[in-house]
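Keep the sequence and the model side by side while reading.

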Amino acid sequence: MIDNTSLIRIARQFRFEGRVERIDALGAGFINDTYKVLTAGGSPDYILQRKNHAVFPDVGSMMQNIVAVTDHLKRKVEAAGGDPLREVLTPIATLDGEYCHVDEQGNFWAATLFIDGSVTYDRASTPHLARMGGEAIGRFQTMLDDFDRPLHETIKGFHDMRHRLHQWDASLAADAAGRRRSVAREIEWIESRRDEMMRFWQMIEQGVIPRRIAHNDTKISNILFDGDGRVLCVIDLDTVMTSSSLIDFGDAIRSYTNTAAEDERDSGLVAMDFSMFEAYTEGYLFSRGSSLIDSETDNLAFAARYITYEQVLRFLMDYIDGDTYYKTAYDTHNLVRTHAQYALLRSMEQQYSRMQLCVKRGVTHRE
C-alpha cells in the first residue's frame with residue numbers, strides 16, 4: 001500500500017491544475033491500482049493510475065495508443081458539436097511532456113482528467129442499462145472506423161486463441177503449482193471445445209472477419225454515465241488495439257448477461273440472462289449494425305461463447321500456474337472463477353439458437 005505522501009509526490013509530476021489536497025483509492029481493479037486526485041478550489045480533479053508493468057510490459061507504447069485514439073475521438077466529438085472533455089477520456093501529460101511517469105521504485109503511473117458528475121456501474125442491472133452500454137460500444141467502434149494509424153500491441157496475443165492455446169499447452173506441460181491432476185475434469189472442458197474456437201479465430205487470421213480498432217475490455221464499468229443515465233464516454237483504454245469488433249461484443253455479453261458474480265461460489269446461480277443479451281444486442285446493432293459485414297453479423301453470437309471460453313481457459317490456466325496473473329483472495333479463487341465462467345458458457349451454449357435469431361432480427365431491423 002502506497003502512503004498518501006508518496007502519492008502526492010507522484011501526482012505532482014503531472015500537469016495538474018490547482019493544488020493537490022487529497023488522494024483517495026478508487027475501486028479494486030484486477031490489474032491496475034486507481035486513485036482519485038482531489039484539488040483545491042475550482043480546479044478539476046484527476047484519476048491517477050499505477051499501471052501493472054507485468055501485464056503491460058511497454059506502458060509508454062500503451063499511452064501512445066491512448067493519446068492517438070483519444071485525439072481522434074475528440075476531433076469526432078468536436079465536429080459533431082459535443083463536449084470532448086466530457087465525451088472522451090483526456091490523458092494528462094507529465095511535467096516533461098510524456099504521458100507516463102516512472103517513480104523511484106520503477107512503478108509506472110498515468111493520469112487522466114476526472115469527469116465531474118460521472119457515474120459508473122459495477123454491473124448492468126437492467127435491460128435499459130445493457131442497451132445503453134451496447135450503443136456506447138457500437139458508437140465507440142464506429143467513430144474509430146476511419147482511424148488509420150498503427151497501434152502497438154499492448155498485451156501480446158490478447159484474445160488470440162492460437163496464442164492462448166499455446167500458453168495453455170505450455171502451462172499443462174510445466175504444471176508449475178502441481179495442480180494439474182486435480183483439475184482433469186476442467187481440462188477436458190477446454191480440450192473438448194478447442195477445435196471450434198480455433199475455427200472462429202482462423203476466420204480472423206484469414207481476414208474473413210476483418211480486423212478493426214477494438215476496446216478489448218468492454219465490461220460496463222468501463223463506460224461513464226451522467227447523472228441522468230446517459231452515456232458520457234468509454235474509459236480504460238489500456239487494451240485498445242487492432243482486433244475484431246466481435247471481440248468487444250463477446251466480452252460485453254460475457255459480463256453484462258451473467259446472473260451472478262464472476263467469482264460466484266455456487267455455479268448453480270450462474271446463467272446467461274437472455275433479456276440482457278437481447279437488450280445489449282439491440283443497442284449495439286443500433287449504433288454499429290450498418291457498419292458490419294455479413295461475416296461479422298453471422299458470427300456475432302458465437303463471439304460471446306468464444307470470449308467466455310477464453311476466460312474459462314485463462315482462469316484455469318492461472319490456477320494451474322499458481323495464481324501468477326489475477327489477484328486472488330484465497331487459494332482456490334481462480335478455480336471458483338473457472339467454474340462460474342464455465343456455467344455461464346454452458347448457459348450460452350444452451351441458448352445459442354435464440355442468440356443467433358436475436359442477432360438476425362436486429363440486423364434485419366437495421367436494414
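Tyr46 has a relative accessible area of 2% and is therefore buried; buried means under 20% relative accessible area, exposed over 50% and partly exposed in between, with a 1.4 Å probe and protein chains only. Phe16 also counts as buried, at 13% relative accessibility. This is a predicted model, in which local features need pLDDT of at least 70, side-chain atom pairs count only at pLDDT 80 or more, and totals for chains, interfaces and linings use all residues. Residues are numbered from 1 along each chain as its sequence is written, and side-chain values use heavy atoms, with hydrogens and water left out.

A search of the whole structure gives 17 aromatic pairs. Rings of Phe, Tyr and Trp (its six-membered ring) pair if their centres lie within 6.5 Å; planes under 30 degrees apart count as stacked, over 60 as edge-to-face and the rest as tilted. Phe16 and Tyr46 are stacked because their ring centres are 4.1 Å apart and their planes stand at 15°. The two residues are 30 apart in the chain: Phe16 sits in the loop between helix H1 (4-11) and strand S1 (20-25), and Tyr46 in strand S3 (residues 46-51). Helices (H or I, at least four residues) and strands (E, at least two) are DSSP runs, numbered from the N terminus.

A tilted pair is formed by Phe249 and Tyr284, with 5.3 Å from centre to centre and 55° between the planes. Phe249 belongs to helix H8 (residues 245-256) and Tyr284 to helix H9 (residues 274-288), so the pair ties together parts 35 residues apart in sequence. Phe249 and Tyr284 are both buried.

Tyr46 stands opposite Leu113 in S6, and S3 and S6 pair in the antiparallel sense over 6 bridges; two strands pair if DSSP finds at least two bridges between them. S4 (residues 91-92) runs antiparallel to S6, joined by 2 bridges, and Ile92 has Ala111 as its bridge partner there. S5 (residues 101-102) is also antiparallel to S6, with 2 bridges, and Val102 stands opposite Phe108. S5 and S6 form a hairpin with 5 residues between them, where Gly106 in the turn has a positive phi of about 85°.

How many residues of strand S6 (residues 108-113) are buried? The count is 6 of its 6. In a regular strand the side chains alternate between the two faces of the sheet. Phe108, Ala110 and Thr112 lie on one side of S6 and Trp109, Ala111 and Leu113 on the other, and both faces are covered.
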